[in-house]
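Let's take a friendly walk through this structure, one neighbourhood at a time. Have the sequence and the 3D view side by side as you read.

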Amino acid sequence: MLEVTPKILIDGKETDYFEGDLQRNGQLTPSVLTFNIPISQGLNRKLWNKEVLLYINKDDTTPLFRGWIKRVKEDFNVVQVYAEDALGYMVKGGEQGVAVVALTDDVNVDGLTAGAAISELIKLAKLDTKIKTDVIGDTNPVVSTSIAPFRGSFNPLDITKQLLSRAVDNSATIPRPNIARLIEDGSNSQFIIELESDVDSAPIAHTYTERDNIIDLSIIKKKVPTVIVVNGANGSKGTFTHDSAISAYDRNYLEVTNNNLLSPAACKDFAQKLFRANLNVQSEYSFSTFEGIYLEENDVIEIITNDDEYSGNYRI
């Protein structure tokens with residue numbers, strides 16, 4: 001196992017620290033880094049809003065975490081530091097309050113694609129110094145804000161989630177949604193949009209086995225929706241019900257909206273594809289390991305267990 005030599009920089013200067021913890025939950029939630037520094041380093045320092053970088057190895061050129069200090073607490077002979085990444089500025093309940101944009105007839109994102117609209121919302125919220133959109137890309141398929149223009153006060157992340165929910169790639173057997181996340185380019189946090197990985201065709205980023213690198217694990221069986229209602233454009237609607245699956249999994253309901261669907265038949269076809277997609281991902285793993293610190297959300301990993309039912313490819 002390779003030696004790990006992490007380092008933390010505060011405002012560009014390497015800092016002595018201990019008892020560090022990094023939480024990265026994905027799904028457009030902020031990553032959080034907490035650590036302690038000696039009170040001799042933190043006393044009388046203005047740490048609020050200072051940039052924090054975490055490198056997992058001293059020779060790394062790209063940080064594993066980039067964030068800003070949102071809370072400090074003196075405790076005996078240490079200073080406890082709490083830092084959030086750039087998404088913390090967009091999430092309700094964050095340490096600094098949620099970002100808000102006011103959209104009017106004069107200031108809006110009308111007619112823009114999802115990628116362009118999200119980029120503009122970040123600028124309107126004055127977050128473009130924290131979150132860059134140089135490589136944001138766009139949804140597949142491309143969707144426009146013209147379907148339902150936004151007016152009023154909004155959290156940019158709420159609009160982002162609405163736009164992403166309108167874009168589902170329906171070109172293959174299994175429909176794939178679009179997701180958004182932060183990546184690090186070495187100098188800035190970049191907001192990007194991408195398709196959810198296809199576990200059957202995406203390259204395997206890492207392999208885990210119970211013998212080699214899994215310390216402990218738990219398996220969560222997910223509910224399979226057996227009655228699916230899909231709302232399309234112009235009031236179109238379709239329902240898919242799987243009678244045999246109801247007998248096996250009971251009645252589990254799911255309702256979604258896809259404004260790219262223009263007829264009841266298209267809605268029903270999409271509903272049955274959703275059923276197959278959920279049938280394909282019935283298991284969810286949670287496990288501890290000493291490998292994979294550089295893995296990212298949406299990477300695909302292979303898990304090999306003694307039970308063939310639970311072995312296979314999984315999306316982080």
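Let's begin with Asn231, which is buried at a relative accessible area of 14%; buried here means under 20% relative accessible area, exposed over 50% and partly exposed in between, using a 1.4 Å probe and protein chains only. This is a predicted model, in which local features need pLDDT of at least 70 and side-chain atom pairs count only at pLDDT 80 or more, while totals for chains, interfaces and linings use all residues. Residues are numbered from 1 along each chain as its sequence is written, and side-chain values use heavy atoms, with hydrogens and water left out.

Asn231 sits in strand β16 (strands, E, of at least two residues and helices, H or I, of at least four are DSSP runs numbered from the N terminus). Its side chain makes polar contacts with the side chain of Lys237 at 2.4 Å and with the side chain of Glu255 at 2.9 Å. A polar contact is a pair of N or O atoms within 3.5 Å; within protein, one must be able to donate a hydrogen and the other to accept it, and residues adjacent in sequence count only if both atoms are side-chain atoms. Setting aside neighbours within four places in sequence, Asn231 is in contact (heavy atoms within 4.5 Å) with residues including Ser236, Val256, Thr257 and Cys267.

Now step to Ser236, in the loop between β16 (227–231) and β17 (237–241). Ser236 is buried too, with a relative accessible area of 8%. A polar atom of the Ser236 side chain lies 2.7 Å from the backbone oxygen of Ala233. Beyond its neighbours within four places in sequence, Ser236 is in contact with Val230, Asn231, Leu261, Leu262, Ser263, Pro264 and Cys267.

For another loop, look between β9 (131–132) and β10 (152–154), where you will find Ile136. At 8% relative accessibility, Ile136 counts as buried. Leaving out neighbours within four places in sequence, its contacts are Gly115, Ile118, Ser119, Phe191, Ile192 and Ile193. The C-alpha atoms of Ile136 and Leu121 are separated by 13 Å, with the two residues 15 apart along the chain.

Our last stop is the second largest pocket. Which residues line the second largest pocket? Among them are Pro6, Ile8, Tyr17, Asp21, Leu54 and Ile293. Strand β3 (residues 18–23) gives the largest share of this lining, three residues.

How values were computed. 1 Å grid on protein atoms, 1.4 Å probe; cavity = no way out; pocket = protein on both sides within 12 Å on 5 of 7 lines; lining within 4 Å.
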